[in-house]
Amino acid sequence: MVIDTDVLQPQHSDKTGLDVDPGKMGVAPSAPSAFSALSVEDQPARMNTPFMDNFPDPSQPEHPAETLAPTKLEVHHVNFFYGSFQALHDISMSLLQQRATALIGPSGCGKSTFLRLMNRMNELIEDTRMEGQILLDGQDIYHPDVDVVSLRKEVGMVFQKPNPFPKSIYDNVAYGSRIHGIKDKKTLDEIVESTLQQAGLWGEVKDSLQKSATALSGGQQQRLCIARCLAVQPKVILMDEPTSALDPIAAGHIEELIGQLKKNYTIVIVTHNMQQAARVSDYTGFFYQGELIETGKTAQIFTNPKEKKTEEYITGRFG
Amino acid sequence: MSTTATLPVQTTSLTQGGLARRNAKLAEMLTYGLMRLVTYLMVFAVGYIVFDIVANGLPAINWEFVSQFPRRSGAQGGILPAIVGTISLVTLAIGVALPLGVASAVYLNEYAKQGRFTDMLRLAIVTLAGVPSIVFGLFGLALFVLVLGFGASILAGGLTLACMILPTIIVASEESLKTIPKSFREGSLALGATRWQTIFKNVLPYAMPGILTGTVLSIGRAAGETAPILLTVAAFFLPVLPGSVFDQVMALPYHLYVLATQHPEAAAVRPMQYGTALLLLLIVLGMSLLAIVFRNYFRGKYRW
């Protein structure tokens, strides 16, 4: 096959400076090109985009035990309305445990709306309506008997713009635990230390826990927000473009963190950055105009999308 | 090529102005000058009033003046009952209006479904803020003094003043709540906090500076208004301390009015008038300072 490597790999796309671990990405270390298994006929012009070289080979099983990962969240024929405007059309999707699922799509496609359905944050917006079912561990989270407070303990969220509370670092991390009735100082100390460690922030802030969280840098603030989210021991973490307000290096830290967190948590991440989706996620869902166009393994979505729209989007023809 | 050589500079377009530009500059200078003049005039007017009161009131103030009961209709002795009266009225008014006002603001901004109903409520509140104080006085007379049977009393007067300052506190509190970023609320709710926990722990503390600014304004108004207390509590001459909130009491603004216009020896009691005015100013200042200290505490504690 003829692939001009100068065109394919003019520069490595990981501008974040983050070293992408090929093993993590599922790329066979020996494969110089991820596309070597594909015939030229399968390679339309889209393959010339520079970031494609990072993408996994769909022929290589990413996780040998992939099919065994249990479903954490089951989304079943969901429609969502802002007033009379229908933002989501008949979305069905499974989100697997201990996997990171990326939601991509152009602005206004409904991916953030979809994300916020899973911890019922959309309910805070007046005049909205949801149809269908979302099951968390088989339980309908929109059932009238479900306590939204307990749901949000299970399903944490990290926002686009880091939103530390204007309190001390310690009080930020302890906020959720205190809300849920933990008063014991020693227990709180332990929670604060362990979650800050999980979020990779402990080393930087351990001597300034009483300092205001708003004095931290943007990337530190976002890791603090992740720590704050972890402190209430969620099972699912929703991330709404968690790095879009950060510089590339800080974003790289967050991506690394996501890679570690998905060992223990189910992660759903909305992102506009397709390299990021490719780097951090195992599965990807492509949204367009309120519809879930395609979903599948990240490797497959990025190298061999089934839908023309998906292909056009990931190759940058619109969006 | 020498690196220190300066570049050839063309001066015409940047440095030369036509007549139009000079006129624009002149107009700008005139406008600024006028604004500055007006500002200075205001400061001067306030400064002159304060100076006049301090200069004339200070000699009248001594220990006897603040600790004694008035004699001969206030021509001699002190004004202790009026001081006690004003402080208790303001304290009662703030004590009632602040929690109610903050609660209303929280309801309006955090809980109520925004729509025509809340718009009407807000319109009503803003209108109330503009109602003349004598109307509040009549309202207090009708409701608290007569219908509820409190009689002319600290309770009736304090509640009337509370009604009067309530709109100011609601508006200031709601404005302050509006400035708290939505992300603080979302962040808290996403951690599984209830709405009430979110408001109490993660919204109200940050809104306190703004709320207390409204309170400072209200203290001055509650302490200084004469019409509402005239109809509901203030005694013309009552040289005893109140025993309970159901007692009538003297108050500084009304006492000042009496000394200045109703006293048979108005000229002779002039120092008393100045002294009373100065004390009223000092009490307002003192109570406002207390609120400002609290405000600065909250400002320093929560920064974003």
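In this predicted model, the charged end of A:R228 sits over the ring of A:F165, at 3.9 Å from the ring centre.

Over all chains, the structure holds 15 aromatic pairs.

| Aromatic pair | Centre to centre | Angle between planes | Geometry |
|---|---|---|---|
| B:F139 and B:F144 | 6.1 Å | 80 degrees | edge-to-face |
| B:Y206 and B:Y302 | 5.0 Å | 70 degrees | edge-to-face |

The pair of B:Y206 and B:Y302 ties together parts of chain B that are 96 residues apart in sequence, because B:Y206 lies in helix α10 (residues 204-224) and B:Y302 in the segment after α13 (270-301). Both of these tyrosines are buried. In the phenylalanine pair, B:F144 is buried, with a relative accessible area of 8%, whereas B:F139 counts as partly exposed at 39% relative accessibility.

Chain B as a whole has 13 helices and 2 strands. Of its 304 residues, 39% are buried. Among contacts in this chain between residues at least 6 apart in sequence, 73% join residues at least 24 apart. The chain exposes about 16600 Å², and carbon and sulfur atoms supply 70% of that area.

How values were computed: Residues are numbered from 1 along each chain as its sequence is written. Chains are lettered from A and ligands numbered from 1 in the order in which they are written. This is a predicted model: local features need pLDDT of at least 70, side-chain atom pairs count only at pLDDT 80 or more; totals for chains, interfaces and linings use all residues. Side-chain values use heavy atoms; hydrogens and water are left out. Helices (H or I, at least four residues) and strands (E, at least two) are DSSP runs, numbered from the N terminus. Buried means under 20% relative accessible area, exposed over 50%, partly exposed in between (1.4 Å probe, protein chains only). Contact means heavy atoms within 4.5 Å. Accessible areas come from the Shrake-Rupley method with a 1.4 Å probe; for residues, only the protein chains shown count as cover. Rings of Phe, Tyr and Trp (its six-membered ring) pair if their centres lie within 6.5 Å; planes under 30 degrees apart count as stacked, over 60 as edge-to-face and the rest as tilted. A charge sits over a ring if NZ of Lys or CZ of Arg is within 6 Å of the ring centre and within 35 degrees of the ring normal.
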